[in-house]
Amino acid sequence: MTETPTPTSTHHHPYGTPTTPHVTVRGEAHLEVDPEIAHIAVTVSARGTDRRTALDDLTRRNTAALDLIRSYGDAIEKLETGTLAISPELTRHGRGERVRAYHGRIQLTVSLNDFTALGELVARLADQDLTRVDGPWWSLRPTSPVHADARRQAVRAALQRAREYAEALDTRLGALLELGDTGVGAAPRHTRSAFAAHATPYAAGAEAATEAAPVDLEPVRQNIDAQVEASFTLEPPTLR
């Protein structure tokens with residue numbers, strides 16, 4: 001019985017050989033673009049001497065805030081309700097403690113794609129009774145074509161750098177051996193702006209005759225970085 005010899009596989013030396021030298025380069029891309037989305041946090045509060053009063057006031061104010069936000073239609077990309085809390089405020093009474101009041105709070109997160117509507121909505125929400133607005137936070141969509149554009153530019157930069165090395169050796173590139181994505185993402189410039197508005201309870205009959213003027217909010221441009229590493233074979237150069 002004749003045994004079939006086991007075929008031997010050929011492997012490229014990780015550092016190349018004199019007959020098939022390698023070159024490994026890094027390509028980078030740095031883009032600065034306008035944001036696509038703005039995010040704000042809206043906190044609606046209520047206070048009452050009993051739990052039911054606080055809850056009823058909180059429900060009413062939350063409904064008013066939701067109705068106002070939804071009135072902006074397609075400008076609202078996402079609307080979510082976060083935490084809801086009703087907590088007692090305790091005070092000392094003799095040797096014990098008693099409930100002085102109840103505090104309620106609901107937090108909403110809103111994402112908008114219309115920055116003109118953003119300034120108006122922020123002003124109108126901040127003008128509501130016992131309502132706090134924080135933000136905005138600026139960002140790109142995860143599916144934004146800007147990310148793919150940055151990756152393409154990083155690949156082209158790596159290829160250009162490899163060609164320059166080959167040209168310096170008076171040779172040219174052969175085949176692509178490996179391409180690795182070493183990082184792509186947005187720099188932390190999408191963090192929130194220095195804006196926070198608090199609304200205080202209205203005095204009786206003191207409600208403004210006109211709505212608050214829109215807030216002028218300047219979008220923060222986003223930094224997008226992409227890096228790749230690429231390895232190529234080189235036609236053996238003649239070194240003198």
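Visitor: Is the crossing of H1 and H2 left-handed or right-handed?

Guide: The crossing of H1 and H2 is right-handed. Keep in mind that this is a predicted model.

Visitor: What makes H1 roughly antiparallel to H2?

Guide: Take the angle. H1 (residues 51-70) and H2 (residues 115-126) pack at about 165°. Angles over 145 degrees count as roughly antiparallel. Therefore H1 is roughly antiparallel to H2. Their axes lie 11 Å apart.

Visitor: Which residues of H1 and H2 meet?

Guide: From H1 come Ala65, Leu68 and Ile69. From H2 come Leu121, Arg124 and Leu125. By class, this contact has 5 nonpolar residues, 1 charged residue and no polar ones. Arg counts as charged, so Arg124 is the charged one.

Visitor: What is the volume of the second largest pocket, and which residues are closest to its centre?

Guide: The volume is about 220 Å³. Of 16 lining residues, Ile37, His39, Lys78, Val110 and Ser111 are the closest to the centre. The lining divides into 8 nonpolar, 4 polar and 4 charged residues.

Visitor: Which strands each supply at least two residues of that lining?

Guide: Strands S2 (37-48), S3 (76-93), S4 (96-112) and S5 (131-139) do.

Visitor: How do you know that the peptide bond between Gly135 and Pro136 is cis?

Guide: Look at omega. For the bond joining Gly135 and Pro136, omega is about 0°, and the bond is cis. Pro136 is found in strand S5.

Visitor: What makes Leu130 stand out?

Guide: Its phi is positive, about 50°, although Leu130 is not a glycine. Most residues other than glycine have a negative phi. Leu130 lies in the loop between H2 and S5.

How values were computed. Residues are numbered from 1 along each chain as its sequence is written. This is a predicted model: local features need pLDDT of at least 70, side-chain atom pairs count only at pLDDT 80 or more; totals for chains, interfaces and linings use all residues. Side-chain values use heavy atoms; hydrogens and water are left out. Axes are lines fitted to C-alpha atoms, for helices over the stretch in contact, and angles run from 0 to 180 degrees between N-to-C directions. Helices (H or I, at least four residues) and strands (E, at least two) are DSSP runs, numbered from the N terminus. Angles under 35 degrees count as roughly parallel, over 145 as roughly antiparallel, 65 to 115 as roughly perpendicular and the rest as oblique. A crossing is left-handed if the near helix is turned anticlockwise from the far one by less than a right angle, and right-handed if clockwise. Contact means heavy atoms within 4.5 Å. On a 1 Å grid over the protein atoms alone, a cavity is a set of points where a 1.4 Å probe fits but cannot get out, and a pocket is an open set with protein on both sides within 12 Å along at least five of seven lines; lining residues have an atom within 4 Å of a point. Grid points are joined across faces, edges and corners, and a volume is the space filled by probe spheres set on the points.
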